[in-house]
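Subject: Structure handover

Hello,

Here is the structure I promised to pass on. Please open it first, then read my notes below.

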2 protein chains.
Amino acid sequence: MNNPIRLAVLGLGTVGTGVVNLLKDNLTELKRRSGKDIIITHVGTRRQRDDIDSQIKQNADLMSIVASDDVDIVIEVIGGTTVAKDVITHAIQHGKHVVTANKALLAEHGNDIFALAEQHHVHVAFEASVAGGIPIIKVMRESLAANKVDWLAGIINGTGNFILSEMRDKARPFADVLSEAQQLGYAEADPTFDVEGTDAAHKLALLASIAFGMPLAFEHVYCEGITKITNQDVMYAQELGYRIKHLGFAKRRTLNDGNTGIELRVHPTLIPEDTLLANVNGVKNAVLIDAHPLGQTLYYGDGAGAGATASAVMADVMDLVRVLSVADGGHHVPHLSYHPDHLNTPTLLPAEQMLTSYYLRLTTLDHPGVLATITQILSDADINIDAILQQPDHDHSHDTLLPNQQREPSANHTPNIVPVVILTQPITEKNMNDAITKMEALDIIKDKIVRIRLEELD
Amino acid sequence: MNNPIRLAVLGLGTVGTGVVNLLKDNLTELKRRSGKDIIITHVGTRRQRDDIDSQIKQNADLMSIVASDDVDIVIEVIGGTTVAKDVITHAIQHGKHVVTANKALLAEHGNDIFALAEQHHVHVAFEASVAGGIPIIKVMRESLAANKVDWLAGIINGTGNFILSEMRDKARPFADVLSEAQQLGYAEADPTFDVEGTDAAHKLALLASIAFGMPLAFEHVYCEGITKITNQDVMYAQELGYRIKHLGFAKRRTLNDGNTGIELRVHPTLIPEDTLLANVNGVKNAVLIDAHPLGQTLYYGDGAGAGATASAVMADVMDLVRVLSVADGGHHVPHLSYHPDHLNTPTLLPAEQMLTSYYLRLTTLDHPGVLATITQILSDADINIDAILQQPDHDHSHDTLLPNQQREPSANHTPNIVPVVILTQPITEKNMNDAITKMEALDIIKDKIVRIRLEELD
């Protein structure tokens with residue numbers, strides 16, 4: 001039992017280097033806690049690196065590394081869904097435990113990978129794949145194991161949160177902040193995965209399966225990014241007591257027929273400004289979980305970066321050290337929290353059936369009958385109104401208007417164009433779509449209606 | 001392996017009843033996740049209860065329950081340090097695993113209890129003992145296992161936080177809010193443990209040992225309650241951009257001689273109002289941990305109550321179900337995160353050597369030389385000043401003064417008495433004590449100097 005635990009680190013980018021450094025910095029802590037020596041025997045890297053301890057073998061042939069006899073745990077931090085998939089598959093087939101930070105791979109191929117792992121009696125650990133250093137996978141799988149999760153809401157893409165935080169704090173436009181995020185290294189050269197919501201959708205798929213005990217269903221996640229958020233909407237939200245955050249949202253709902261429906265959605269969301277989640281700023285991540293009987297708990301920290309991700313990777317390694325220390329491999333926590341034969345797929349609700357409140361911004365003529373017409377259409381679609389805000393336009397792009405026209409009564413003038421902001425109570429997307437189609441057909445509506453979902457988080 | 005896991009629940013107060021209800025409500029979830037049937041075979045209660053399933057044996061003789069053959073795990077939710085101690089000892093000696101929510105018992109006798117458990121190859125699990133439903137014990141022991149903790153700061157007494165939140169939000173005096181907290185059932189009839197900080201000190205002792213890998217050292221926790229906090233100080237703090245929270249604070253510091261020193265302290269603390277911790281209100285708890293390489297993470301939720309505590313108790317049970325499912329008892333996570341033979345006691349710093357910033361409120365004569373005299377004393381004690389606030393007194397209890405005197409220049413009048421608020425940079429308690437003694441000896445200082453510690457949490 002006193003043999004060291006031997007790791008292979010595949011990929012020496014930010015995260016891989018973070019893992020190597022963590023083992024150097026905190027070796028004593030790891031030993032004091034695990035009672036074991038933990039060593040890296042191999043690193044997988046295309047370029048030979050001078051900064052790696054000479055006792056660690058460097059090799060570009062990843063397949064041969066994972067098959068090596070002197071490897072107990074394979075740490076995959078290459079990323080992507082091609083080479084990484086082959087390497088992980090190969091590792092599992094060779095009876096190696098795997099630790100990965102690869103949300104895209106797991107969200108898209110996790111069902112197959114976990115099944116293969118079960119078959120080969122190894123574990124694929126993935127704490128680092130969601131919310132970086134925040135231990136949300138273990139918390140949900142183990143600490144909340146006695147709970148029924150009702151919903152969860154997560155700020156799970158740091159780049160998106162940085163952009164929205166800067167837009168609010170400094171009234172900077174989206175494109176401007178995005179290019180800064182790219183310069184700071186928060187956003188990739190191709191920021192699509194971040195700003196279009198795909199990265200958050202990958203992570204939400206993982207969280208939702210663990211929360212609700214269902215196979216991964218990435219393809220069912222409704223996904224909307226932050227590219228259409230304007231400073232105008234950020235400001236109106238603020239005036240109404242809300243902040244716009246890009247959330248991953250998963251909810252279990254009892255339907256009218258008594259069955260359970262699951263909503264999986266990623267989109268910009270107005271949330272009350274006095275909630276902790278609304279105060280998670282910059283590149284930070286946080287996940288808020290509402291469970292029975294626990295109630296609401298929130299988990300906050302760095303969602304990316306070498307140190308935070310390495311911390312999560314090594315937490316998984318420490319769990320596996322315990323598994324490797326018992327003869328029969330231990331009675332491990334199931335990959336998706338529920339035992340594979342107890343996973344089941346509830347009804348995954350299509351977008352049209354999703355239920356949420358809305359922020360609407362209408363560009364209307366400033367005309368006496370306008371509000372009556374709009375509210376009648378909303379009422380016909382069973383949409384209850386929580387608040388209406390009619391104010392001078394913050395967006396000065398409407399330069400066809402003279403400034404002094406904006407606050408004047410409109411009756412005897414050419415009507416002004418004014419924004420009307422409406423907050424609604426929860427309503428299905430279908431009803432909202434119908435109402436918006438009707439409103440946009442009106443002559444008094446002068447531009448496409450902006451809609452952003454709203455969650456009270458209560 | 002298909003035998004059910006059999007629980008004995010000792011104590012049917014709020015928490016015990018919560019555990020019984022949780023097992024009823026979420027039986028399916030527990031089975032789907034653990035793959036096991038989990039049943040309560042015994043409850044320990046003085047009064048026979050009609051609301052308990054008839055298949056569960058009720059018994060007032062706790063010692064006979066824990067010795068029963070049909071009990072795998074003993075859940076101790078009696079509280080107190082007498083009967084609970086005997087029962088847990090007896091359970092361990094009979095080879096039973098124990099789950100407890102008893103922070104007082106563990107903080108005061110945990111070293112002995114954990115040693116006895118090691119000796120008998122059983123585990124004493126105690127997630128519910130700190131911060132209620134927040135899974136802070138598991139997070140620190142397992143998820144942060146690869147980290148070196150630098151410091152942690154926790155709002156770990158809900159009653160205290162409720163009182164301070166109400167004092168701030170509604171400018172209500174301490175005594176008034178305390179009596180409401182008692183009516184609401186947040187505070188005990190004897191609120192000493194909450195408002196004097198003992199309860200928080202118990203919890204801090206547990207957190208600190210896990211963070212730093214040292215035996216429990218409750219007797220070394222510096223402890224100050226919230227009974228002396230006034231609305232005046234709450235308001236000044238707010239004007240300066242801070243909120244007063246009652247924190248448990250544990251810090252590892254490198255001393256001038258190169259050795260490591262540990263500070264363990266519980267006291268009211270000014271923290272920046274824009275931190276998440278400052279926005280944890282009402283009875284909620286939260287723990288902020290600064291660790292390397294993870295950085296700062298925060299964990300938030302209900303610190304008490306039937307549901308939250310039962311959730312934590314059952315999370316421990318779920319861990320023990322895995323331990324009970326392997327032949328050799330598994331390779332368990334050590335009670336205090338570090339293996340017992342790797343625990344060591346670093347230098348625990350006495351109060352005089354603790355290093356912190358301060359908020360000082362001086363009641364001074366409004367006299368030209370006053371500030372010069374005070375700042376000279378501070379400077380002589382190596383205390384750097386961060387901010388000074390000199391304003392009309394918020395506290396109208398000084399009714400010997402005429403209202404119109406307060407803002408007048410003082411030169412040619414009987415000098416007014418005005419409060420001067422000073423924020424300092426970090427300084428040892430010894431230096432601060434010396435400076436305060438000198439200042440209080442001055443004729444220009446008209447009342448005892450109020451001091452509250454301040455932490456920037458950065």
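The notes below go through the findings site by site.

One caution before the details: this is a predicted model.

**Domains of chain A**

Domain 1 covers 5-135 + 306-342. Domain 2 covers 143-300 + 345-351. Domain 3 covers 353-392 + 414-454. Taken over C-alpha atoms, the centres of domain 1 and domain 3 of chain A are 51 Å apart.

UniProt, in an unreviewed entry, lists a run of residues under "binding site": Leu10(A), Gly11(A), Leu12(A), Gly13(A), Thr14(A), Val15(A), Gly16(A) and Thr17(A). I looked at two of them.

Leu10(A) belongs to strand S1, residues 5-10 of chain A. Is Leu10(A) buried or exposed? It is buried, because its relative accessible area is 0%, and the cut-off for buried is under 20%. Leaving out neighbours within four places in sequence, Leu10(A) touches Gly44(A), Leu62(A), Ile65(A) and Val66(A), among others. Its contacts also include Val74(A), Ile75(A), Glu76(A), Val77(A), Ile78(A) and Val87(A).

Gly13(A) sits in the loop between S1 and helix H1 (14-25) of chain A. Gly13(A) is partly exposed, because its relative accessible area is 40%.

The unreviewed UniProt entry also lists Lys103(A) under "binding site". Lys103(A) is in helix H5 of chain A, which spans residues 103-119. With 22% relative accessibility, Lys103(A) counts as partly exposed. Which residues does Lys103(A) contact, leaving aside its neighbours within four places in sequence? They are Ser129(A), Asp199(A), His202(A), Lys203(A) and Leu206(A).

**A buried glutamate in chain B**

Now look at Glu76(B). It is part of strand S4 of chain B, residues 73-76. Glu76(B) is buried, yet has no salt bridge. The nearest side chain of opposite charge belongs to Lys103(B), and it is 9.8 Å away.

What does the side chain of Glu76(B) reach at 2.9 Å? The backbone nitrogen of Ile78(B). The Glu76(B) side chain also makes a polar contact of 2.6 Å with the side chain of Thr100(B). Setting aside neighbours within four places in sequence, Glu76(B) is in contact with Leu10(B), Ala84(B), Ile88(B), Val99(B), Thr100(B), Ala101(B) and Asn102(B).

**Elsewhere in chain B**

Helix H11 of chain B runs over residues 231-239. Its buried residues are Asn231(B), Gln232(B), Asp233(B), Val234(B), Tyr236(B) and Ala237(B). After H11(B) comes Gly241(B), with a positive phi near 90 degrees.

Ile417(B) lies in strand S16 of chain B, residues 417-424. Ile417(B) is partly exposed, because its relative accessibility is 26%. How many Å separate the C-alpha atoms of Ile417(B) and Asn157(B)? The separation is 36 Å, and the two are 260 residues apart along the chain.

**Backbone points to check**

Most residues other than glycine have a negative phi, and most peptide bonds are trans.

- The peptide bond from His292(A) to Pro293(A) is cis, with omega near 5 degrees. Pro293(A) is in the loop between strand S11 (284-292) and strand S12 (295-302) of chain A.
- In chain B, a cis peptide bond joins His292(B) and Pro293(B), with omega about 10 degrees. Pro293(B) is in the loop between strand S11 (284-292) and strand S12 (295-302) of chain B.
- Ala171(A) is not a glycine, but has a positive phi of about 50 degrees. Its place is the loop between helix H7 (158-170) and helix H8 (174-183) of chain A. Ala171(A) is exposed, because its relative accessible area is 51%.
- Ser337(B) is not a glycine either, and has a positive phi of about 75 degrees. Ser337(B) is in the loop between helix H12 (306-324) and strand S13 (347-348) of chain B. Ser337(B) is buried, because its relative accessible area is 1%.

Best wishes

Conventions:
Residues are numbered from 1 along each chain as its sequence is written. Chains are lettered from A and ligands numbered from 1 in the order in which they are written. This is a predicted model: local features need pLDDT of at least 70, side-chain atom pairs count only at pLDDT 80 or more; totals for chains, interfaces and linings use all residues. Side-chain values use heavy atoms; hydrogens and water are left out. UniProt positions are given in the numbering used here, feature names are shortened, and annotations may be inferred rather than shown by experiment. Helices (H or I, at least four residues) and strands (E, at least two) are DSSP runs, numbered from the N terminus. Buried means under 20% relative accessible area, exposed over 50%, partly exposed in between (1.4 Å probe, protein chains only). Contact means heavy atoms within 4.5 Å. Domain bounds come from an automatic or database domain assignment. Lys and Arg count as positive and Asp and Glu as negative; His and the chain ends are not counted. A salt bridge is a side-chain nitrogen of Lys or Arg within 4 Å of a carboxyl oxygen of Asp or Glu. A polar contact is a pair of N or O atoms within 3.5 Å; within protein, one must be able to donate a hydrogen and the other to accept it, and residues adjacent in sequence count only if both atoms are side-chain atoms.
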